[in-house]
Amino acid sequence: MEFGRLQPQGHLRIPLLILTGEALYLIGQLKDAESTLLQAVAADSNNADAQRWLVTVYYDLGRLDRALEHLTEVSRIVPEDFRPWHMR
């Protein structure tokens, strides 16, 4: 990864963690994507993008219970977004 040398700290921490999680997901490294995205959520539980990516990862891992938990969080964070309701 081109941004692999960057240190995830400061104002770039969460965006970098989300981008890394997305990249890991796209190359099929779902467990690593999960771990990375959980770090982003731990740092900012109100980040809808991190929560959405966790929904995707958990769905592909067959962990529908966890996917539903994060869909609920997306609905809480962005109540005007109808997509989590539709996905349920």
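Biologist: In what order do the elements of the chain run from the N terminus on?

Modeller: They run α-α-α-α-α. That comes to 5 helices and 0 strands. Helices (H or I, at least four residues) and strands (E, at least two) are DSSP runs, numbered from the N terminus. Please keep in mind that this is a predicted model, where local features need pLDDT of at least 70, side-chain atom pairs count only at pLDDT 80 or more, and totals for chains, interfaces and linings use all residues. Residues are numbered from 1 along each chain as its sequence is written, and side-chain values use heavy atoms, with hydrogens and water left out.

Biologist: How do you know that the span of helix α1 agrees with what it should be?

Modeller: The expected span is 1.5 Å times one less than the number of residues. Helix α1 covers residues 13-26, so its 14 residues should span 20 Å, and its end C-alpha atoms are 20 Å apart, which agrees. After α1 comes Gly28, with a positive phi near 85°.

Biologist: Why is Pro84 called buried?

Modeller: Buried means under 20% relative accessible area, exposed means over 50%, and partly exposed lies in between (1.4 Å probe, protein chains only). Pro84 has 3%, so it is buried. You will find Pro84 in helix α5, residues 83-87. Pro84 touches Leu71, Val74 and Ser75, not counting residues up to four places away in sequence; contact here means heavy atoms within 4.5 Å. The C-alpha atoms of Pro84 and Leu71 are separated by 5.4 Å, although the two residues are 13 apart along the chain.

Biologist: What makes a set of residues a nonpolar core, and which members touch the most others in the largest one?

Modeller: A nonpolar core is a set of buried Ala, Val, Leu, Ile, Met, Phe, Trp, Tyr and Cys residues joined through side-chain atoms within 4.5 Å. The largest one has 18 residues, and Ile18, Tyr25 and Ala40 touch the most other members. Helices α1, α2, α3 and α4 each supply at least two residues of this core, and the largest share, 6 residues, comes from α3. Ala40 touches Ile14, Leu17, Ile18 and Ala50, again leaving out residues up to four places away in sequence.

Biologist: What covers the buried residues of α3?

Modeller: The cover includes α1, α2, α4 and α5. Among the buried residues of α3 are Trp53, Leu54 and Tyr58.

Biologist: Why is the pair Asp49 and Arg52 called a salt bridge?

Modeller: A salt bridge is a side-chain nitrogen of Lys or Arg within 4 Å of a carboxyl oxygen of Asp or Glu. For Asp49 and Arg52 the closest N and O atoms are 3.3 Å apart, and the pair forms a salt bridge. These two are 3 residues apart in helix α3, so about one helical turn separates them. Asp49, at 44% relative accessible area, is partly exposed.

Biologist: Is Asp81 buried or exposed, and what is its salt-bridge partner?

Modeller: Asp81 has a relative accessible area of 7%, so it is buried. Its partner is Arg83, with the closest N and O atoms 2.8 Å apart. Arg83, at 44%, counts as partly exposed. Asp49, Arg52, Asp81 and Arg83 are linked in a network of salt bridges.
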